[in-house]
Amino acid sequence: MTRPGRKFAVDIHLAKQIKQMSKHFFVLNEQTMDKFVFVMAASSNHFEESMDGVASIQHHFPGKKLFYYDLGLHHQQVLRMKSWKWVEYRKFDFTIYPKYFDENLRMVGWKPIIIQVSSLIENHWH
């Protein structure tokens with residue numbers, strides 16, 4: 001028999017925020033899948049790991065589009081990635097954002113921007 005751990009205390013304000021955010025979630029199923037696009041991004045030092053993610057998406061969702069953002073890939077990596085089915089290459093344009101986006105990728109300021117831009121692009125196509 002397993003023994004439960006300690007209760008996890010959650011701040012009431014955080015719980016309310018999470019509940020508010022969950023109103024914007026949607027169920028991914030056959031009816032909603034046409035409005036969904038996968039998005040990935042990688043720099044050269046994480047390219048190999050990203051290939052597992054691409055393979056998983058292609059296995060479970062064959063034919064589904066994937067936007068792959070280049071955060072600093074090497075030329076050979078770009079060529080390799082461009083040969084993959086259902087993957088659309090996108091170079092992230094660091095020049096139009098604050099310098100710290102490019103200087104420290106670990107700050108991940110680019111993540112919400114990539115998600116938002118991809119959402120706008122995908123919605124424009126429908």
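Author: The following account begins with the chain as a whole and then turns to strand 2 and its neighbours.

This is a predicted model, in which local features need pLDDT of at least 70 and side-chain atom pairs count only at pLDDT 80 or more, while totals for chains, interfaces and linings use all residues. Residues are numbered from 1 along each chain as its sequence is written, and side-chain values use heavy atoms, with hydrogens and water left out.

The protein chain holds five helices and three strands, these being DSSP runs numbered from the N terminus (helices H or I, at least four residues; strands E, at least two). Along the sequence they follow the pattern α-β-α-β-α-β-α-α. Of the 126 residues, 25% are buried; buried means under 20% relative accessible area, exposed over 50%, and partly exposed in between, with a 1.4 Å probe and protein chains only.

Strand 2 (residues 66-70) is parallel to strand 3 (residues 87-91), with five bridges between them, and five bridges likewise join strand 2 to strand 1 in the parallel sense. Two strands count as paired if DSSP finds at least two bridges between them. Tyrosine 68 is the bridge partner of methionine 40 and also of tyrosine 89 in strand 3. Aspartate 70 lies opposite lysine 91 of strand 3. From strand 2 the chain passes through helix 3 (residues 75-82) to strand 3 in a right-handed β-α-β crossover. Strand 1, helix 2 and strand 2 also form a right-handed β-α-β unit. Right-handed here means that, with the strands pointing away from the viewer, the path from the first strand over the helix to the second runs clockwise.

Five of the five residues of strand 2 are buried. Leu66, Tyr68 and Asp70 point one way, whereas Phe67 and Tyr69 point the other way. In a regular strand the side chains alternate between the two faces of the sheet.

Leu66 and Tyr68 belong to the largest nonpolar core, which has 14 residues; they are listed with Val54, Trp84 and Val87 as those with the most contacts inside it. Strand 1 (38-42), helix 2 (47-60), strand 2 and helix 3 each supply at least two residues of this core. Phe67 is instead part of a second, separate core of eight residues, which also includes Leu71, Phe92 and Ile114. A nonpolar core is a set of buried Ala, Val, Leu, Ile, Met, Phe, Trp, Tyr and Cys residues joined through side-chain atoms within 4.5 Å.

In helix 2, Phe47, Ser50, Val54 and Ile57 are the buried residues. They lie on the same side of helix 2 because they cover an arc of only 70° around the axis, the arc being that of the directions from the helix axis to the C-beta atoms. These buried residues pack against strand 1, strand 2, helix 3 and strand 3. On the other side of helix 2, Asp52, His59 and His60 are exposed.

Helix 3 has Gln77, Val78 and Met81 as its buried residues. Their arc of only 100° around the axis puts them on the same side of helix 3. They pack against helix 2, strand 2 and strand 3, while the face turned away from them carries the exposed residues His75 and Gln76.

Terms used:
Contact = heavy atoms within 4.5 Å.
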